[in-house]
Amino acid sequence: MGAQAYEHAIRSRARAALESAPEPWEVHDVVVRSLRSPLAGNRRLPMGWLFGASPAARRALGRLVYPRGSVVHRMDLLLPPPPGPDVVTLHDVVAWEFDDESDPVRAAPEELRRADAVVCVSAFTARRAQEFLGVVDPVVVPNGVSPDYFAAAPLSPEVLEGLGLRSPYLLYAGGSARRKNLPALAEAWRHVADRRPEWQLALAGPTNPERQQLFADAPRVVHLGRLADELMAPLMAGAGAAVVPSLYEGFGLPALEAMAARVPLVASNRSSLPEVVADGGTLVDPTPEALAEGLEFITSGDSALAAITSRGRERAERFTWERSADGHAAVWRHFG
């Protein structure tokens, strides 16, 4: 979900970001779909074959796909490399570090090392790219946050009721992979729920039987599933608090979204989250005990929360998609 938000945000702002370039640029969107996909696109490629193809075979196909002399920015590692300047986005290295994630593209490590520029969304991801994949001199360009989160009004009581929610609720927005640390969140919530009997725990994001079972005996848990994009900012804006308990994030967009919406946040002090959150939220060890303590604090109404959420809002204002697009344009112009 974060990668999709990134792709849309940068593609939609690319032309504006290049307006100040000394020489005029033309920006072309290459939207690649599989041969049988019903979705709209302007290129059709054998995606299954590309996943396991050799670097040489992928380079040969890339020479046919992209215009000669163009600077190509690949926002998906599955796409083949171009014959000209090759810029690649790397959100994280979870495919190589966690066996419950999607398998990595076979040729990706070699292609990342050969790329003319690798854009990483956090300093943490850049370090892991260097240490784990041997990438040289990655460029850090942080993500932004949608303006919707700064201006969103909470969902009405009627809409909340339709979702099975009422205020106040603690919001988790994300997936169920092992790195998301949901077992620790489930245990932490069991510790806190009796002390906060008026609160619900709302879980937004794709659900599955394991996730349902994990929270089966926890009180007042609402499984929202995957919601329409237009509901997410109002859902966050109406939350009494938000939690990002992850063991590993390449960036951590839900944390930034909570900060933008002035929602008290508790987040893990691991991976990229400290560099995104800084002093704009409450950072804790990703253990059930520390998460429970953090949840108690952000649902307490303590007077210190106002200052923390204010700092979070100010920090979130630095992470705009316009600034991110400008950072990408600086990379592109280097090869223009």
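This is a predicted model: local features need pLDDT of at least 70, side-chain atom pairs count only at pLDDT 80 or more; totals for chains, interfaces and linings use all residues.
**Aromatic rings**
- The count of aromatic pairs comes to four.
- Phenylalanine 98 and tyrosine 248 have ring centres 5.5 Å apart and planes at 80°, so this pair is edge-to-face.
- That pair links distant parts of the chain, 150 residues apart: phenylalanine 98 sits in the loop between helix H4 (94-97) and helix H5 (108-114), and tyrosine 248 in the loop between strand E10 (241-244) and helix H12 (253-260).
- Phenylalanine 98 is buried, as is tyrosine 248.
- For phenylalanine 124 and tyrosine 248, the ring centres lie 5.1 Å apart with the planes at 70°, so this pair is edge-to-face.
- Here phenylalanine 124 belongs to helix H6 (residues 123-133), and 124 residues separate it from tyrosine 248 in the chain.

**The cavity**
- Searching the whole structure turns up one cavity of 30 Å³ or more.
- The largest cavity holds about 30 Å³ of space.
- Its lining includes Tyr172, Lys180 and Glu249.
- By class, that lining has four nonpolar, two polar and two charged residues.

**The second largest pocket**
- About 960 Å³ of space lies in the second largest pocket.
- This pocket has 33 lining residues, and His28, Asp29, Val30, Val72 and His73 lie nearest its centre.
- Helix H1 (2-17) gives the most to the lining, with six residues.
- The lining divides into 18 nonpolar, seven polar and eight charged residues.

Notes. Residues are numbered from 1 along each chain as its sequence is written. Side-chain values use heavy atoms; hydrogens and water are left out. On a 1 Å grid over the protein atoms alone, a cavity is a set of points where a 1.4 Å probe fits but cannot get out, and a pocket is an open set with protein on both sides within 12 Å along at least five of seven lines; lining residues have an atom within 4 Å of a point. Grid points are joined across faces, edges and corners, and a volume is the space filled by probe spheres set on the points. Ala, Val, Leu, Ile, Met, Phe, Trp, Tyr, Cys and Pro count as nonpolar, Asp, Glu, Lys and Arg as charged, and the others, Gly among them, as polar. Helices (H or I, at least four residues) and strands (E, at least two) are DSSP runs, numbered from the N terminus. Rings of Phe, Tyr and Trp (its six-membered ring) pair if their centres lie within 6.5 Å; planes under 30 degrees apart count as stacked, over 60 as edge-to-face and the rest as tilted. Buried means under 20% relative accessible area, exposed over 50%, partly exposed in between (1.4 Å probe, protein chains only).
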